[in-house]
Number of protein chains: 2
Amino acid sequence: MNSRNIVIITGSSRGLGKSLALSFAKSITNPLDLVLVGRSTNDLAATKNLIIENRNNLETTCKIIEADLSDLSSLPQTSELIFAQNPQHNYSNAYFLNNAGSLGRLSHIGSSDDLIDFTSAINFNITSSCYLTSEFVRRLSGLHNIEKAVVVNISSLCAIKPFPSWGIYCAGKAAREMYHQVLAQENSKNHKLRVLNYSPGPLDTEMQRQIREGENVDKEIQAIYRDMYMNNVLVDPQVSADKCLALLLSDSYESGAHIDYYNVKADGSLDL
Amino acid sequence: MNSRNIVIITGSSRGLGKSLALSFAKSITNPLDLVLVGRSTNDLAATKNLIIENRNNLETTCKIIEADLSDLSSLPQTSELIFAQNPQHNYSNAYFLNNAGSLGRLSHIGSSDDLIDFTSAINFNITSSCYLTSEFVRRLSGLHNIEKAVVVNISSLCAIKPFPSWGIYCAGKAAREMYHQVLAQENSKNHKLRVLNYSPGPLDTEMQRQIREGENVDKEIQAIYRDMYMNNVLVDPQVSADKCLALLLSDSYESGAHIDYYNVKADGSLDL
(Lines give C-alpha, C1' and ligand atoms only; values in the text may rest on other atoms or scores of the structure.)
Protein backbone atom coordinates (compact mmCIF):
# COMPACT_ATOMS: atom_id res chain seq x y z
CA MET A 1 0.00 0.00 0.00
CA ASN A 2 1.22 3.49 -0.82
CA SER A 3 1.97 5.60 2.17
CA ARG A 4 -0.66 8.25 2.83
CA ASN A 5 0.25 11.91 3.47
CA ILE A 6 -1.66 14.61 5.29
CA VAL A 7 -0.60 18.20 4.66
CA ILE A 8 -2.13 21.04 6.68
CA ILE A 9 -1.39 24.63 5.60
CA THR A 10 -2.56 27.80 7.32
CA GLY A 11 -2.92 31.01 5.34
CA SER A 12 -3.40 29.11 2.09
CA SER A 13 -5.93 31.46 0.45
CA ARG A 14 -3.08 33.21 -1.35
CA GLY A 15 0.62 34.04 -1.34
CA LEU A 16 3.14 31.54 -0.01
CA GLY A 17 0.50 29.30 1.58
CA LYS A 18 -1.24 28.80 -1.74
CA SER A 19 2.11 28.13 -3.42
CA LEU A 20 3.07 25.58 -0.78
CA ALA A 21 -0.20 23.73 -1.39
CA LEU A 22 0.60 23.58 -5.09
CA SER A 23 4.17 22.40 -4.42
CA PHE A 24 2.86 19.45 -2.40
CA ALA A 25 0.18 18.69 -4.98
CA LYS A 26 2.81 18.51 -7.73
CA SER A 27 5.51 16.61 -5.83
CA ILE A 28 3.74 13.99 -3.72
CA THR A 29 2.53 11.09 -5.81
CA ASN A 30 1.22 9.07 -2.86
CA PRO A 31 -2.35 9.54 -1.65
CA LEU A 32 -2.66 13.06 -0.29
CA ASP A 33 -5.11 14.71 2.07
CA LEU A 34 -4.72 18.45 2.01
CA VAL A 35 -6.24 20.72 4.65
CA LEU A 36 -6.27 24.37 3.62
CA VAL A 37 -6.99 27.04 6.21
CA GLY A 38 -7.54 30.68 5.33
CA ARG A 39 -9.68 33.74 5.74
CA SER A 40 -11.65 33.53 2.50
CA THR A 41 -13.70 30.56 1.34
CA ASN A 42 -13.67 31.88 -2.22
CA ASP A 43 -9.90 32.14 -2.33
CA LEU A 44 -9.49 28.76 -0.66
CA ALA A 45 -11.82 27.24 -3.25
CA ALA A 46 -9.61 28.71 -5.97
CA THR A 47 -6.55 27.12 -4.32
CA LYS A 48 -8.45 23.82 -4.10
CA ASN A 49 -9.33 23.93 -7.80
CA LEU A 50 -5.71 24.54 -8.67
CA ILE A 51 -4.70 21.55 -6.52
CA ILE A 52 -7.22 19.21 -8.08
CA GLU A 53 -6.14 20.23 -11.62
CA ASN A 54 -2.55 19.45 -10.72
CA ARG A 55 -3.16 16.07 -9.15
CA ASN A 56 -3.95 14.29 -12.45
CA ASN A 57 -6.19 11.64 -10.88
CA LEU A 58 -3.74 10.87 -8.08
CA GLU A 59 -5.69 9.98 -4.94
CA THR A 60 -6.47 13.30 -3.25
CA THR A 61 -8.82 14.95 -0.83
CA CYS A 62 -8.78 18.68 -0.18
CA LYS A 63 -10.64 20.14 2.76
CA ILE A 64 -11.02 23.90 3.06
CA ILE A 65 -11.56 25.63 6.38
CA GLU A 66 -12.48 29.30 6.54
CA ALA A 67 -11.20 30.67 9.83
CA ASP A 68 -9.97 33.85 11.45
CA LEU A 69 -7.00 32.53 13.39
CA SER A 70 -6.63 35.79 15.29
CA ASP A 71 -9.96 35.03 17.02
CA LEU A 72 -8.85 33.07 20.07
CA SER A 73 -12.42 32.41 21.23
CA SER A 74 -13.03 30.11 18.25
CA LEU A 75 -9.51 28.69 18.04
CA PRO A 76 -10.12 25.42 19.94
CA GLN A 77 -13.05 24.61 17.63
CA THR A 78 -11.01 25.63 14.59
CA SER A 79 -8.19 23.41 15.79
CA GLU A 80 -10.66 20.54 16.10
CA LEU A 81 -11.72 21.08 12.47
CA ILE A 82 -8.15 21.41 11.24
CA PHE A 83 -6.67 18.37 12.90
CA ALA A 84 -9.62 15.94 12.90
CA GLN A 85 -8.69 12.95 10.79
CA ASN A 86 -10.50 10.18 9.04
CA PRO A 87 -9.67 7.27 11.39
CA GLN A 88 -9.38 4.94 8.41
CA HIS A 89 -6.47 6.94 7.02
CA ASN A 90 -3.33 5.55 8.57
CA TYR A 91 -0.99 8.38 7.77
CA SER A 92 2.67 7.64 7.35
CA ASN A 93 3.61 11.30 6.80
CA ALA A 94 2.05 14.38 8.36
CA TYR A 95 3.06 17.93 7.57
CA PHE A 96 1.99 21.10 9.30
CA LEU A 97 2.89 24.29 7.46
CA ASN A 98 2.50 27.03 10.06
CA ASN A 99 2.34 29.84 7.56
CA ALA A 100 -0.47 32.29 8.47
CA GLY A 101 0.72 35.66 9.70
CA SER A 102 0.20 39.36 9.36
CA LEU A 103 2.47 42.38 9.40
CA GLY A 104 0.36 44.25 11.92
CA ARG A 105 0.84 47.97 12.27
CA LEU A 106 4.08 49.20 10.75
CA SER A 107 5.23 52.21 12.72
CA HIS A 108 7.92 53.20 15.17
CA ILE A 109 7.52 52.02 18.76
CA GLY A 110 5.77 54.69 20.81
CA SER A 111 3.95 56.28 17.89
CA SER A 112 0.58 54.76 18.80
CA ASP A 113 -1.28 53.69 21.91
CA ASP A 114 -3.64 51.35 20.08
CA LEU A 115 -3.71 48.20 22.19
CA ILE A 116 -6.34 46.56 19.99
CA ASP A 117 -4.04 46.49 16.96
CA PHE A 118 -1.22 45.30 19.14
CA THR A 119 -3.22 42.48 20.70
CA SER A 120 -4.73 41.31 17.46
CA ALA A 121 -1.32 40.99 15.80
CA ILE A 122 0.11 39.07 18.76
CA ASN A 123 -2.93 36.80 19.05
CA PHE A 124 -2.62 35.92 15.39
CA ASN A 125 1.15 35.74 14.92
CA ILE A 126 2.13 34.21 18.24
CA THR A 127 -0.68 32.75 20.37
CA SER A 128 -2.63 31.15 17.57
CA SER A 129 0.44 30.04 15.64
CA CYS A 130 2.17 28.40 18.62
CA TYR A 131 -1.09 26.84 19.81
CA LEU A 132 -1.71 25.21 16.44
CA THR A 133 1.79 23.73 16.37
CA SER A 134 1.18 22.38 19.86
CA GLU A 135 -2.11 20.91 18.69
CA PHE A 136 -0.51 19.29 15.64
CA VAL A 137 2.10 17.68 17.87
CA ARG A 138 -0.52 16.51 20.38
CA ARG A 139 -2.93 15.10 17.82
CA LEU A 140 -0.86 13.88 14.90
CA SER A 141 2.80 13.37 15.65
CA GLY A 142 2.19 10.27 17.76
CA LEU A 143 -0.20 8.45 15.43
CA HIS A 144 0.45 4.74 15.26
CA ASN A 145 1.73 4.51 11.70
CA ILE A 146 3.53 7.84 11.49
CA GLU A 147 7.00 7.56 10.00
CA LYS A 148 7.57 11.29 9.87
CA ALA A 149 5.73 14.31 11.30
CA VAL A 150 7.10 17.61 10.05
CA VAL A 151 6.37 21.09 11.39
CA VAL A 152 7.42 24.00 9.21
CA ASN A 153 7.26 27.41 10.81
CA ILE A 154 7.29 30.09 8.13
CA SER A 155 9.88 32.34 9.63
CA SER A 156 11.59 35.47 8.33
CA LEU A 157 14.80 37.42 8.44
CA CYS A 158 12.77 39.46 10.95
CA ALA A 159 12.98 36.55 13.40
CA ILE A 160 16.71 37.08 13.79
CA LYS A 161 17.28 40.72 12.82
CA PRO A 162 15.49 43.85 14.05
CA PHE A 163 13.83 46.05 11.42
CA PRO A 164 12.81 49.60 12.35
CA SER A 165 9.02 50.11 12.39
CA TRP A 166 8.36 46.35 12.35
CA GLY A 167 8.43 45.91 16.13
CA ILE A 168 5.45 43.65 16.59
CA TYR A 169 6.12 41.68 13.43
CA CYS A 170 9.74 41.04 14.41
CA ALA A 171 8.71 40.12 17.96
CA GLY A 172 6.14 37.67 16.60
CA LYS A 173 8.59 36.03 14.23
CA ALA A 174 11.22 35.78 16.98
CA ALA A 175 8.69 34.17 19.33
CA ARG A 176 7.61 31.60 16.74
CA GLU A 177 11.17 30.78 15.78
CA MET A 178 12.11 30.19 19.43
CA TYR A 179 8.98 28.14 20.13
CA HIS A 180 9.80 25.85 17.23
CA GLN A 181 13.43 25.61 18.35
CA VAL A 182 12.16 24.44 21.73
CA LEU A 183 9.98 21.86 19.99
CA ALA A 184 13.02 20.56 18.10
CA GLN A 185 15.06 20.39 21.32
CA GLU A 186 12.31 18.52 23.11
CA ASN A 187 12.33 15.96 20.35
CA SER A 188 16.06 15.74 19.78
CA LYS A 189 15.87 11.96 20.36
CA ASN A 190 12.60 11.48 18.47
CA HIS A 191 13.66 11.23 14.85
CA LYS A 192 10.07 10.94 13.68
CA LEU A 193 9.38 14.58 14.49
CA ARG A 194 11.23 17.14 12.39
CA VAL A 195 11.03 20.92 12.69
CA LEU A 196 12.07 23.56 10.20
CA ASN A 197 12.13 27.34 10.57
CA TYR A 198 12.02 28.38 6.92
CA SER A 199 12.69 31.98 5.95
CA PRO A 200 11.11 32.28 2.51
CA GLY A 201 12.92 35.38 1.22
CA PRO A 202 11.39 38.74 0.31
CA LEU A 203 8.28 37.47 -1.45
CA ASP A 204 6.41 39.36 -4.11
CA THR A 205 3.12 39.28 -2.23
CA GLU A 206 0.53 41.56 -0.65
CA MET A 207 2.76 41.96 2.43
CA GLN A 208 5.44 43.62 0.32
CA ARG A 209 2.88 46.03 -1.08
CA GLN A 210 1.97 47.02 2.48
CA ILE A 211 5.64 47.68 3.20
CA ARG A 212 6.12 49.75 0.03
CA GLU A 213 2.95 51.77 0.57
CA GLY A 214 2.57 51.98 4.37
CA GLU A 215 2.43 55.58 5.60
CA ASN A 216 4.31 54.99 8.84
CA VAL A 217 6.91 52.54 7.61
CA ASP A 218 10.49 53.56 8.39
CA LYS A 219 11.61 55.53 5.36
CA GLU A 220 15.02 53.88 4.97
CA ILE A 221 13.52 50.39 5.11
CA GLN A 222 10.76 51.42 2.72
CA ALA A 223 13.30 52.73 0.22
CA ILE A 224 15.18 49.40 0.32
CA TYR A 225 12.03 47.40 -0.44
CA ARG A 226 10.82 49.81 -3.10
CA ASP A 227 14.20 49.40 -4.80
CA MET A 228 13.94 45.62 -4.61
CA TYR A 229 10.51 45.82 -6.24
CA MET A 230 11.68 48.20 -8.98
CA ASN A 231 14.73 46.03 -9.65
CA ASN A 232 12.63 42.89 -9.82
CA VAL A 233 14.53 41.03 -7.14
CA LEU A 234 11.54 40.05 -5.01
CA VAL A 235 11.09 36.29 -4.88
CA ASP A 236 8.24 34.48 -6.65
CA PRO A 237 6.31 32.66 -3.88
CA GLN A 238 6.05 29.53 -6.04
CA VAL A 239 9.82 29.36 -6.46
CA SER A 240 10.29 29.74 -2.70
CA ALA A 241 7.58 27.15 -1.94
CA ASP A 242 9.13 24.64 -4.34
CA LYS A 243 12.51 25.10 -2.68
CA CYS A 244 10.97 24.66 0.75
CA LEU A 245 9.39 21.37 -0.27
CA ALA A 246 12.61 20.20 -1.94
CA LEU A 247 14.40 20.96 1.33
CA LEU A 248 11.82 18.99 3.32
CA LEU A 249 12.02 15.99 1.01
CA SER A 250 15.84 16.06 0.97
CA ASP A 251 15.81 16.00 4.77
CA SER A 252 19.15 17.81 4.68
CA TYR A 253 18.39 20.29 7.49
CA GLU A 254 19.06 19.96 11.17
CA SER A 255 15.77 19.84 13.09
CA GLY A 256 14.93 23.30 14.50
CA ALA A 257 17.35 25.13 12.22
CA HIS A 258 16.60 28.52 10.67
CA ILE A 259 17.10 28.04 6.94
CA ASP A 260 16.90 30.89 4.48
CA TYR A 261 15.57 30.61 0.93
CA TYR A 262 18.88 31.94 -0.38
CA ASN A 263 20.73 29.01 1.20
CA VAL A 264 18.66 26.29 -0.45
CA LYS A 265 19.50 24.93 -3.89
CA ALA A 266 16.75 23.88 -6.28
CA ASP A 267 17.34 20.20 -5.43
CA GLY A 268 16.78 20.92 -1.73
CA SER A 269 20.41 20.61 -0.68
CA LEU A 270 21.93 23.35 1.42
CA ASP A 271 24.44 25.96 0.31
CA LEU A 272 25.47 27.48 3.63
CA MET B 1 18.92 72.37 40.74
CA ASN B 2 19.56 68.66 41.07
CA SER B 3 18.37 66.60 38.18
CA ARG B 4 15.20 64.68 38.95
CA ASN B 5 14.82 60.95 38.18
CA ILE B 6 11.73 58.86 37.60
CA VAL B 7 12.10 55.10 37.87
CA ILE B 8 9.22 52.80 36.95
CA ILE B 9 9.52 49.10 37.77
CA THR B 10 6.99 46.39 36.95
CA GLY B 11 6.84 43.24 39.05
CA SER B 12 8.34 45.01 42.04
CA SER B 13 6.38 43.22 44.79
CA ARG B 14 9.24 40.77 45.18
CA GLY B 15 12.23 39.09 43.56
CA LEU B 16 14.35 41.00 41.08
CA GLY B 17 11.89 43.90 40.73
CA LYS B 18 12.01 44.59 44.45
CA SER B 19 15.82 44.37 44.40
CA LEU B 20 16.02 46.77 41.47
CA ALA B 21 13.93 49.30 43.38
CA LEU B 22 16.34 49.05 46.30
CA SER B 23 19.36 49.41 44.02
CA PHE B 24 18.02 52.69 42.64
CA ALA B 25 17.06 53.90 46.11
CA LYS B 26 20.61 53.31 47.35
CA SER B 27 22.51 54.63 44.31
CA ILE B 28 20.62 57.69 43.10
CA THR B 29 21.23 60.70 45.34
CA ASN B 30 19.21 63.12 43.21
CA PRO B 31 15.47 63.55 43.79
CA LEU B 32 13.78 60.29 42.92
CA ASP B 33 10.20 59.40 42.03
CA LEU B 34 9.71 55.65 42.12
CA VAL B 35 6.68 53.95 40.59
CA LEU B 36 6.29 50.36 41.73
CA VAL B 37 3.86 48.08 39.90
CA GLY B 38 2.94 44.63 41.13
CA ARG B 39 0.21 42.17 41.95
CA SER B 40 0.05 42.65 45.69
CA THR B 41 -0.51 45.94 47.48
CA ASN B 42 0.84 44.44 50.72
CA ASP B 43 4.07 43.31 49.11
CA LEU B 44 4.44 46.61 47.24
CA ALA B 45 3.97 48.47 50.52
CA ALA B 46 6.79 46.38 52.02
CA THR B 47 9.02 47.31 49.08
CA LYS B 48 8.05 50.95 49.56
CA ASN B 49 8.96 50.84 53.27
CA LEU B 50 12.33 49.35 52.40
CA ILE B 51 12.90 52.14 49.86
CA ILE B 52 11.99 54.92 52.26
CA GLU B 53 14.29 53.48 54.96
CA ASN B 54 17.15 53.45 52.49
CA ARG B 55 16.70 56.98 51.20
CA ASN B 56 17.94 58.70 54.39
CA ASN B 57 15.92 61.85 53.87
CA LEU B 58 16.91 62.23 50.22
CA GLU B 59 14.00 63.71 48.26
CA THR B 60 11.81 60.77 47.30
CA THR B 61 8.30 59.84 46.31
CA CYS B 62 7.17 56.25 45.94
CA LYS B 63 3.87 55.43 44.23
CA ILE B 64 2.57 51.88 44.38
CA ILE B 65 0.18 50.52 41.77
CA GLU B 66 -1.52 47.17 42.23
CA ALA B 67 -2.24 45.75 38.82
CA ASP B 68 -2.65 42.46 37.01
CA LEU B 69 -0.68 43.17 33.86
CA SER B 70 -1.98 40.02 32.18
CA ASP B 71 -5.45 41.62 32.11
CA LEU B 72 -5.43 43.43 28.78
CA SER B 73 -8.86 44.97 29.33
CA SER B 74 -7.52 47.17 32.12
CA LEU B 75 -4.07 47.72 30.63
CA PRO B 76 -4.69 51.15 29.05
CA GLN B 77 -5.97 52.50 32.39
CA THR B 78 -3.08 50.85 34.21
CA SER B 79 -0.69 52.42 31.74
CA GLU B 80 -2.28 55.80 32.43
CA LEU B 81 -1.68 55.32 36.16
CA ILE B 82 1.88 54.10 35.66
CA PHE B 83 3.09 56.82 33.34
CA ALA B 84 1.12 59.85 34.53
CA GLN B 85 3.58 62.43 35.83
CA ASN B 86 3.45 65.43 38.03
CA PRO B 87 3.76 68.21 35.42
CA GLN B 88 5.93 70.22 37.81
CA HIS B 89 8.59 67.52 37.79
CA ASN B 90 10.90 68.23 34.91
CA TYR B 91 12.62 64.90 34.73
CA SER B 92 16.13 64.75 33.39
CA ASN B 93 16.34 60.95 33.66
CA ALA B 94 13.57 58.43 33.16
CA TYR B 95 13.99 54.69 33.63
CA PHE B 96 11.54 51.97 32.75
CA LEU B 97 12.42 48.55 34.14
CA ASN B 98 10.28 46.12 32.18
CA ASN B 99 10.62 43.28 34.63
CA ALA B 100 7.24 41.61 35.22
CA GLY B 101 6.91 38.14 33.78
CA SER B 102 5.77 34.64 34.54
CA LEU B 103 7.01 31.19 33.64
CA GLY B 104 3.62 29.99 32.45
CA ARG B 105 3.00 26.28 32.15
CA LEU B 106 6.21 24.28 32.08
CA SER B 107 5.61 21.19 29.98
CA HIS B 108 6.59 19.74 26.64
CA ILE B 109 4.88 21.17 23.57
CA GLY B 110 1.83 19.11 22.67
CA SER B 111 1.22 17.81 26.19
CA SER B 112 -1.73 20.11 26.83
CA ASP B 113 -4.52 21.75 24.84
CA ASP B 114 -5.17 24.47 27.41
CA LEU B 115 -5.47 27.67 25.39
CA ILE B 116 -6.35 29.75 28.46
CA ASP B 117 -2.98 29.11 30.11
CA PHE B 118 -1.26 29.74 26.82
CA THR B 119 -3.04 33.02 26.19
CA SER B 120 -2.61 34.32 29.69
CA ALA B 121 1.17 33.76 29.59
CA ILE B 122 1.49 35.46 26.20
CA ASN B 123 -0.74 38.38 27.20
CA PHE B 124 1.40 38.97 30.26
CA ASN B 125 4.90 38.23 28.97
CA ILE B 126 4.58 39.69 25.48
CA THR B 127 1.54 41.86 24.77
CA SER B 128 1.51 43.73 28.05
CA SER B 129 5.28 43.99 28.31
CA CYS B 130 5.78 45.35 24.78
CA TYR B 131 2.81 47.69 25.12
CA LEU B 132 4.18 49.21 28.31
CA THR B 133 7.56 49.85 26.70
CA SER B 134 5.76 51.49 23.79
CA GLU B 135 3.79 53.63 26.27
CA PHE B 136 6.93 54.65 28.15
CA VAL B 137 8.53 55.74 24.89
CA ARG B 138 5.41 57.60 23.78
CA ARG B 139 4.82 59.41 27.07
CA LEU B 140 8.22 59.94 28.65
CA SER B 141 11.14 59.64 26.29
CA GLY B 142 10.38 62.90 24.52
CA LEU B 143 9.79 65.09 27.57
CA HIS B 144 11.29 68.54 27.23
CA ASN B 145 14.07 68.25 29.80
CA ILE B 146 14.93 64.59 29.34
CA GLU B 147 18.64 63.97 29.07
CA LYS B 148 18.34 60.22 29.13
CA ALA B 149 15.43 57.80 28.88
CA VAL B 150 16.40 54.21 29.56
CA VAL B 151 14.37 51.07 28.89
CA VAL B 152 15.59 47.88 30.52
CA ASN B 153 13.94 44.69 29.38
CA ILE B 154 14.56 41.93 31.87
CA SER B 155 15.58 39.22 29.49
CA SER B 156 16.93 35.73 30.04
CA LEU B 157 19.20 33.11 28.58
CA CYS B 158 15.84 31.73 27.39
CA ALA B 159 15.57 34.64 24.96
CA ILE B 160 18.47 33.29 22.95
CA LYS B 161 18.58 29.57 23.75
CA PRO B 162 15.76 27.01 23.65
CA PHE B 163 15.03 25.11 26.88
CA PRO B 164 12.92 21.94 26.71
CA SER B 165 9.51 22.33 28.41
CA TRP B 166 9.83 26.14 28.55
CA GLY B 167 8.27 26.75 25.13
CA ILE B 168 6.00 29.66 25.95
CA TYR B 169 8.47 31.25 28.35
CA CYS B 170 11.30 31.07 25.81
CA ALA B 171 9.00 32.41 23.06
CA GLY B 172 7.98 35.31 25.29
CA LYS B 173 11.54 36.20 26.21
CA ALA B 174 12.61 35.99 22.55
CA ALA B 175 9.74 38.27 21.51
CA ARG B 176 10.57 40.88 24.15
CA GLU B 177 14.25 40.79 23.34
CA MET B 178 13.56 41.36 19.66
CA TYR B 179 11.01 44.12 20.33
CA HIS B 180 13.57 45.99 22.41
CA GLN B 181 16.22 45.44 19.75
CA VAL B 182 13.86 47.06 17.26
CA LEU B 183 13.38 49.99 19.65
CA ALA B 184 17.16 50.44 19.86
CA GLN B 185 17.48 50.29 16.07
CA GLU B 186 14.72 52.85 15.61
CA ASN B 187 16.60 55.18 17.93
CA SER B 188 20.11 54.52 16.72
CA LYS B 189 20.54 58.26 16.08
CA ASN B 190 18.71 59.35 19.22
CA HIS B 191 21.33 59.15 21.93
CA LYS B 192 18.84 60.21 24.60
CA LEU B 193 17.04 56.87 24.38
CA ARG B 194 18.99 53.84 25.56
CA VAL B 195 17.82 50.23 25.59
CA LEU B 196 19.24 47.28 27.49
CA ASN B 197 18.24 43.62 27.34
CA TYR B 198 19.58 42.44 30.70
CA SER B 199 19.76 38.74 31.45
CA PRO B 200 19.90 38.60 35.26
CA GLY B 201 21.32 35.09 35.73
CA PRO B 202 19.64 32.13 37.44
CA LEU B 203 18.08 33.99 40.35
CA ASP B 204 17.24 32.44 43.67
CA THR B 205 13.57 33.40 43.49
CA GLU B 206 10.09 31.87 43.40
CA MET B 207 10.51 31.14 39.67
CA GLN B 208 13.40 28.79 40.40
CA ARG B 209 11.29 26.97 42.95
CA GLN B 210 8.64 26.42 40.24
CA ILE B 211 11.35 24.95 38.01
CA ARG B 212 12.72 22.66 40.71
CA GLU B 213 9.29 21.45 41.78
CA GLY B 214 7.17 21.56 38.60
CA GLU B 215 5.67 18.17 37.77
CA ASN B 216 5.95 18.49 34.01
CA VAL B 217 9.31 20.21 33.77
CA ASP B 218 11.78 18.44 31.51
CA LYS B 219 13.67 16.06 33.79
CA GLU B 220 17.16 16.87 32.49
CA ILE B 221 16.61 20.61 32.86
CA GLN B 222 15.09 20.11 36.29
CA ALA B 223 18.13 18.12 37.43
CA ILE B 224 20.44 20.94 36.29
CA TYR B 225 18.55 23.55 38.29
CA ARG B 226 18.17 21.33 41.35
CA ASP B 227 21.94 20.86 41.30
CA MET B 228 22.50 24.60 41.03
CA TYR B 229 20.25 25.10 44.05
CA MET B 230 21.95 22.35 46.06
CA ASN B 231 25.38 23.73 45.17
CA ASN B 232 24.40 27.26 46.11
CA VAL B 233 25.23 28.80 42.75
CA LEU B 234 21.91 30.53 42.16
CA VAL B 235 22.32 34.30 42.05
CA ASP B 236 21.09 36.60 44.82
CA PRO B 237 18.58 38.98 43.14
CA GLN B 238 20.08 41.96 44.99
CA VAL B 239 23.56 41.23 43.64
CA SER B 240 22.16 40.96 40.12
CA ALA B 241 20.07 44.13 40.52
CA ASP B 242 23.09 46.08 41.81
CA LYS B 243 25.13 44.95 38.81
CA CYS B 244 22.33 45.93 36.44
CA LEU B 245 22.20 49.43 37.88
CA ALA B 246 26.00 49.74 37.84
CA LEU B 247 25.88 48.78 34.16
CA LEU B 248 23.20 51.40 33.46
CA LEU B 249 25.13 54.12 35.25
CA SER B 250 28.42 53.18 33.55
CA ASP B 251 26.66 53.44 30.19
CA SER B 252 29.16 50.91 28.84
CA TYR B 253 26.65 48.85 26.85
CA GLU B 254 25.62 49.21 23.24
CA SER B 255 21.95 50.20 23.03
CA GLY B 256 19.80 47.13 22.34
CA ALA B 257 22.49 44.66 23.38
CA HIS B 258 21.78 41.46 25.29
CA ILE B 259 24.01 41.59 28.35
CA ASP B 260 24.30 38.73 30.78
CA TYR B 261 24.84 39.09 34.53
CA TYR B 262 27.98 36.97 34.27
CA ASN B 263 29.52 39.48 31.85
CA VAL B 264 29.12 42.52 34.11
CA LYS B 265 31.73 43.44 36.69
CA ALA B 266 30.70 44.96 40.02
CA ASP B 267 31.67 48.45 38.78
CA GLY B 268 29.34 48.08 35.79
CA SER B 269 32.05 47.61 33.19
CA LEU B 270 31.77 44.72 30.78
CA ASP B 271 33.82 41.55 30.76
CA LEU B 272 32.81 40.00 27.46
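What follows is a chat about a predicted model with chains A and B.

Me: What does chain A have in the way of helices and strands?
Reply: Chain A has eight helices and seven strands. Bear in mind that this is a predicted model.

Me: How does its radius of gyration sit against the globule rule?
Reply: The radius of gyration of chain A is 18 Å, close to the 19 Å that the globule rule gives for 272 residues, so chain A is as compact as a globular protein of that length.

Me: And what box do the C-alpha atoms of chain A fill?
Reply: Roughly 55 × 40 × 40 Å, taken along the principal axes.

Me: On to the interface. How many residues of chain B are in contact with chain A?
Reply: On the chain B side there are 47, in contact with 47 residues of chain A.

Me: How much area do the two chains bury between them, and what share of it is on carbon and sulfur?
Reply: Chain B and chain A bury about 3,700 Å², with 72% of that on carbon and sulfur atoms.

Me: How many salt bridges are there between chain B and chain A?
Reply: The count between the two chains is four. One pair is Arg138(A) with Asp113(B), whose closest N and O atoms are 3.5 Å apart. In general, side chains of opposite charge can pair when their charged atoms come close.

Me: How many residue pairs are in polar contact across that interface?
Reply: Ten, with both residues at pLDDT 80 or more.

Me: Which helices of chain B supply at least two residues to the side that touches chain A?
Reply: Helix H3 (75–83), helix H4 (115–140) and helix H5 (167–186) of chain B each do. By class, that side of chain B has 27 nonpolar, twelve polar and eight charged residues.

Me: What rotation superposes chain B on chain A?
Reply: A rotation of 180 degrees with 0.0 Å of shift along its axis, at an RMSD of 0.0 Å. That is the relation of a two-fold axis.

Me: Which residue of chain B comes closest to the rotation axis?
Reply: Ala175(B), with its C-alpha at 2.4 Å.

Me: Why say the copies meet through the same surface?
Reply: Because 100% of the interface residues of chain B are also interface residues in chain A.

Me: Back to salt bridges. How many over all chains?
Reply: A search of the whole structure finds 28. Among them is Glu80(A) with Arg139(A), the closest N and O atoms being 2.9 Å apart. That pair links distant parts of the chain, Glu80(A) being in helix H3 and Arg139(A) in helix H4 of chain A, 59 residues apart.

Methods: Residues are numbered from 1 along each chain as its sequence is written. Chains are lettered from A and ligands numbered from 1 in the order in which they are written. This is a predicted model: local features need pLDDT of at least 70, side-chain atom pairs count only at pLDDT 80 or more; totals for chains, interfaces and linings use all residues. Side-chain values use heavy atoms; hydrogens and water are left out. Contact means heavy atoms within 4.5 Å. Buried area is the accessible area (1.4 Å probe) that two parts lose on being put together, summed over both. A salt bridge is a side-chain nitrogen of Lys or Arg within 4 Å of a carboxyl oxygen of Asp or Glu. A polar contact is a pair of N or O atoms within 3.5 Å; within protein, one must be able to donate a hydrogen and the other to accept it, and residues adjacent in sequence count only if both atoms are side-chain atoms. Helices (H or I, at least four residues) and strands (E, at least two) are DSSP runs, numbered from the N terminus. Ala, Val, Leu, Ile, Met, Phe, Trp, Tyr, Cys and Pro count as nonpolar, Asp, Glu, Lys and Arg as charged, and the others, Gly among them, as polar. Copies are superposed by least squares on the C-alpha atoms of residues with pLDDT of at least 70 in both. The radius of gyration is taken over C-alpha atoms; the globule rule is 2.2 Å times the number of residues to the power 0.38.
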